[in-house]
Amino acid sequence: MVAKEHLLALKNRILPPGAGPVIELLSQHHQQLEMTSIILEHVPLIIIGRHGMIARLPIDGRITKLSQPPEILTSLQRFFEGEQILYVFINLPEIQFPAAVTEVIREVEERVQKRDELMRQIDEALERRDRGAFLRLAQSLAQLEE
């Protein structure tokens, strides 16, 4: 079984055309999926790569190779009506964020953590009825939010 979060994290990668609905369908049936790091023969398999998708699915009793997103999606919907396991091979690069964007995200995360910590400390000061600490922490919070 593949974690649903792992499949949804694929959206942070560069998906080939038509892969979005396929990923959504896979995440709905994550309990019938098994990740693989090698391309297997003679088993139900979907390969999602940078330039497209290839699926080998059982149709009319034999494994059929599919490469067009609409036919893959339709065949997967039929496949998931049963209880078989689908093997998934992923070969997608991560989206590369510029260093400046990564730095801004890190700064925002730090600011949120500091705000949450100040809010926690303000709650504690209120519980202790410590007016001085409350005023000092509230001022720090106001400065942080500017």
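## Strand pairing

Strand β1 (residues 33-35) runs parallel to β5, and 3 bridges join the two. Here Glu34 sits opposite Tyr87 of β5. β2 also runs parallel to β5, this time with 5 bridges, and Ile46 has Val88 in β5 as its bridge partner. Strands count as paired if DSSP finds at least two bridges between them; the strands themselves (E, at least two residues) and the helices (H or I, at least four) are DSSP runs, numbered from the N terminus.

A quick word on the model: it is predicted, so local features need pLDDT of at least 70 and side-chain atom pairs count only at pLDDT 80 or more, while totals for chains, interfaces and linings use all residues. Residues are numbered from 1 along each chain as its sequence is written, and side-chain values use heavy atoms, with hydrogens and water left out.

## Domains

The chain splits into domain 1 (1-37), domain 2 (45-91) and domain 3 (99-145), with bounds that come from an automatic or database domain assignment. Taken over C-alpha atoms, the centres of domain 2 and domain 3 are 50 Å apart.

Nonpolar side chains tend to be buried together in soluble globular proteins. The largest nonpolar core here has 23 residues, and Leu26, Ile46, Leu76 and Leu86 touch the most other members. At least two residues come from each of α2 (19-28), β2 (45-49), β3 (52-59), α3 (69-79) and β5 (86-91), with α2 giving the most, 5 residues. Domain 1 (1-37) and domain 2 (45-91) both contribute, so this core lies between them. Apart from it is another core of 6 residues, including Ala125, Ala133, Leu137 and Leu141.

A nonpolar core means buried Ala, Val, Leu, Ile, Met, Phe, Trp, Tyr and Cys residues joined through side-chain atoms within 4.5 Å. Buried is under 20% relative accessible area, exposed is over 50%, and partly exposed is in between (1.4 Å probe, protein chains only). Leaving out residues up to four places away in sequence, Leu76 touches Val22, Leu25, Leu26, Ile46, Leu57 and Leu86; contact means heavy atoms within 4.5 Å.

## The aromatic pair

The whole structure holds 1 aromatic pair. The ring centres of Phe79 and Phe80 are 5.4 Å apart with planes at 75°, so the pair is edge-to-face. Rings of Phe, Tyr and Trp (its six-membered ring) pair if their centres lie within 6.5 Å, with planes under 30 degrees apart counted as stacked, over 60 as edge-to-face and the rest as tilted. Phe79 is buried at 6% relative accessible area, and Phe80 is buried at 6%.
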